[in-house]
Amino acid sequence: MKLNIPQAIRWTGDELYLLDQTKLPGEVVEEKQETIEMVWHAIKQLKVRGAPAIGVSAAFGLIVGIRDATNLPLEKFIIHIAKQAAYLDSSRPTAVNLHWSMVRMVNKAKSQSANSSAELYKALVEEAEAIDQEDKAFCLAMGEYGAPLIKEGMGVLTHCNAGSLVTSGIGTATAPMYVAHQNGVPFRVYADETRPLLQGARLTSWELQMAGVDVTLITDNMAGHLMSKGLIDLVITGTDRVAANGDVANKIGTMSVAILAHHFNIPFYVACPSSTIDFASTTGDEIEIEEREWDEVTSFGSRQTAPEGIKVCNPAFDVTPNRFVSGLITEKGIVRAPYRENLAELFDAHQSR
Ligand code: MRU
């Protein structure tokens, strides 16, 4: 069965198109990225969002930012590449895939024995395309490893959007769902609405519905009630950064869901490609949490829902302590506690960041 799912990032070989996720589900609009500044703003404004998608679009965004500079001498071209990568890296702080992808592109530029800037440019296009293809493959592998967790008749809760919209492929948290669905397993998904920006309502319920998965939208504060009624058997979320000890940064509200799941004895899994593991952060305390604009909280859609001048706190992510995580679904299999040892054993903890 072929899946009907949206594509967030489209690379034509020399042009980058991003689906504007701020307009979904009302309008499905692709935007051609003419400049690196456009890509920076697309990431900042969440037109493209979710950890892997930010990494992939930044890799192609870097190509957009350097393609008119191949007339520079090679040494100067490499300096220009590093500057442009640092600029894109500054667009959002929490999802480590962005930093990972920029480091990987700059390392490629520095280690490539190219004879000219044009030759180096070509190698970097190939590297960005490799990041894109790898992400697609990671999603499929996470789907294969995670799908057996979903048994017939289960209710599966997810938070935020960790779907095809956040990757080049079938998503991270949604990958096991899509594979189980393709295998003909009947199950229900509950999508948390995910205040304040409604990624669950606008994006997860939209793409799962499009794919024909049985999905029900709930507001964030309903999860505990549904768990108490026995409607949730499994939780799967995505992540923006996993520390070396298995602490998980993800969309604000994820930690509350994990604690609720722990209380009700419901397994809580996190889908996590290796590009989202940050061995440089020894624990979740070291992960920078993005604080976003106040008006995301004082309004609902275009309607103001709070008094003028109210004080607002708007952290976009939280950190779930590793003890609440039943397992990390990676492209190399499901990793369980003790996370520090098991993650380091499965992945290269020394890769440069
Ligand atoms: O602020 P967003 O919409 O970029 O946040 C996205 C999330 O928190 C996702 O759950 C996370 O990136 C995992 S997606 C692989």
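Biologist: Hi! Let's start with C160: does C160 count as buried or exposed?
Modeller: Buried: C160 has 7% relative accessibility, where buried means under 20% relative accessible area, exposed over 50% and partly exposed in between, with a 1.4 Å probe and protein chains only. This is a predicted model, in which local features need pLDDT of at least 70 and side-chain atom pairs count only at pLDDT 80 or more, while totals for chains, interfaces and linings use all residues. Residues are numbered from 1 along each chain as its sequence is written, and side-chain values use heavy atoms, leaving out hydrogens and water.

Biologist: OK, new topic. How many cavities of 30 Å³ or more are there?
Modeller: Three. A cavity is a set of points, on a 1 Å grid over the protein atoms alone, where a 1.4 Å probe fits but cannot get out, and lining residues have an atom within 4 Å of a point.

Biologist: Which residues are closest to the centre of the largest cavity?
Modeller: R49, G50, A51, N161 and D240, out of 25 lining residues. Helix α2 (51-66) and strand β9 (248-251) each give two or more residues to that lining, with α2 giving the most, three. Helices (H or I, at least four residues) and strands (E, at least two) are DSSP runs, numbered from the N terminus.

Biologist: Where does the largest cavity lie?
Modeller: Between domain 1 (9-140) and domain 2 (141-346), because both give residues to its lining. Those bounds come from an automatic or database domain assignment.

Biologist: What lines the second largest cavity?
Modeller: Its lining includes P52, W100, F138 and S275, around about 60 Å³ of space. α5 gives the most, four residues.

Biologist: Last one: what does E127 touch?
Modeller: E127 is in helix α5 (residues 117-146) and is buried, at 13% relative accessible area. Leaving aside neighbours within four places in sequence, E127 contacts R104, M105 and K108, contact being heavy atoms within 4.5 Å.

How values were computed: 1 Å grid on protein atoms, 1.4 Å probe; cavity = no way out; pocket = protein on both sides within 12 Å on 5 of 7 lines; lining within 4 Å. Points joined across faces, edges and corners; volume = space filled by probe spheres on them.
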